[in-house]
Amino acid sequence: MQVAIDISEFSYLPAQAQALGVAAPPVERLTLPLAGGRQVSALRYGAGAPEITLLHGAGLNAHTWDTTVLSLQRPVLVLDLAGHGDSSWRDDLDYTPRTLAVDVAAALDTWTDRPQLVVGQSLGGLTGAALASARPDLVSALIVVDITPGIDTSAGPAALREFYAGPTDFASRDELVDRAIAFGFGGSRPDTERGVLLNTRMRDDGRVEWKHHFAHLAAQALEAHAPGDESAPSLLSDAGWEDLARTTAPITLVRATDGFVSASDAEDFARRLPHARVVTVTATHNAQETAPSELAALITSTLPSADL
């Protein structure tokens with residue numbers, strides 16, 4: 001295992017912490033080499049062993065959880081999924097939840113010493129379900145934020161498809177911030193500017209491009225979305241229902257009022273998984289950015305230790 005600290009990527013944390021009236025925790029970037037020359041990267045916040053692991057959605061990275069982590073004030077592990085942030089891109093272009101979960105399991109085997117409360121937003125939520133199904137020893141509870149398997153593509157994913165159908169490079173970061181806000185992604189403009197800065201890079205020709213691989217693949221992948229099966233899975237495959245059904249850990253669905261999961265989607269979730277809990281929060285799809293305090297409170301109350 002290698003540990004690298006890049007102070008510049010954490011430059012926003014003190015101001016964010018001050019705005020919340022909390023102390024900024026110690027944080028470090030972790031890097032774990034994987035077979036085939038790839039690597040998985042993560043951020044570890046706080047002192048002590050984490051019992052919470054956070055997984056971001058498609059096109060995002062670990063820093064999308066910064067404000068939620070500050071609100072938690074607990075040790076937390078936050079991963080960059082394959083193809084995102086500082087984790088390696090996949091040559092096979094396979095970013096389906098069950099494939100992503102393999103890297104997550106390797107990271108938890110290395111960086112945690114106890115089962116985790118896994119919180120996954122969007123694609124991270126389906127990845128968390130795949131992890132909980134395949135490796136129940138690693139997951140004490142699962143919170144799925146604003147996604148359900150096989151979700152109706154006429155709703156939220158259609159917005160994602162349209163968002164990524166445009167250019168993948170821009171004249172400036174401001175242009176990209178304007179586009180993200182127009183599509184309802186992110187929170188305030190300063191928060192969106194921070195997210196764009198941490199999720200893009202400047203090319204030699206001066207153009208700004210997405211740092212994550214998903215931006216180059218998402219439009220095609222979502223356009224081709226179908227319910228999917230074992231032989232032809234999709235990113236939003238309804239095969240995720242099987243993963244959720246096999247999950248023995250407690251499950252919570254968080255539905256964002258202005259997100260991708262409709263009231264009928266939430267009802268379907270509750271019908272399929274009668275032992276799961278469904279909670280509604282006032283937020284956009286990226287609830288970790290637009291309702292971080294509410295989400296942090298829910299996470300804290302869901303910790304197994306909260307019952308002691």
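Me: What is the mean pLDDT of the protein chain?
Reply: This is a predicted model, in which local features need pLDDT of at least 70 and side-chain atom pairs count only at pLDDT 80 or more, while totals for chains, interfaces and linings use all residues. Residues are numbered from 1 along each chain as its sequence is written, and side-chain values use heavy atoms, with hydrogens and water left out. pLDDT is the predictor's confidence in each residue, from 0 to 100. In the protein chain 85% of residues reach 70 or more, and the mean pLDDT is 87.

Me: How many contacts does the stretch of residues 2-7 have in the model, beyond near neighbours in sequence?
Reply: Where pLDDT is low, the predicted coordinates should not be read in detail. Over residues 2-7 the pLDDT is below 50. Contact means heavy atoms within 4.5 Å. Beyond near neighbours in sequence, the number of contacts for residues 2-7 is seven.

Me: Which residue of β11 is the bridge partner of Val144?
Reply: Two strands pair if DSSP finds at least two bridges between them. β7 and β11 (residues 251-258) are parallel and share four bridges. In β11, the partner of Val144 is Leu253.

Me: How far away is the nearest side chain of opposite charge to Asp265?
Reply: Asp265 lies in helix α10, residues 263-272. Lys and Arg count as positive and Asp and Glu as negative, with His and the chain ends not counted. A salt bridge is a side-chain nitrogen of Lys or Arg within 4 Å of a carboxyl oxygen of Asp or Glu. Asp265 is buried but has no salt bridge, and the nearest opposite charge, on Arg255, is at 7.1 Å.

Me: What is the relative accessible area of Val177?
Reply: Val177 belongs to helix α6, residues 173-182. Not counting residues up to four places away in sequence, Val177 touches Arg189, Thr192, Glu193 and Val196. Val177 is buried, and its relative accessible area is 2%.

Note on methods:
Helix = DSSP H or I, 4+ residues; strand = E, 2+ residues; numbered from the N terminus. Buried < 20%, exposed > 50% of the residue type's maximum accessible area, 1.4 Å probe, protein only.
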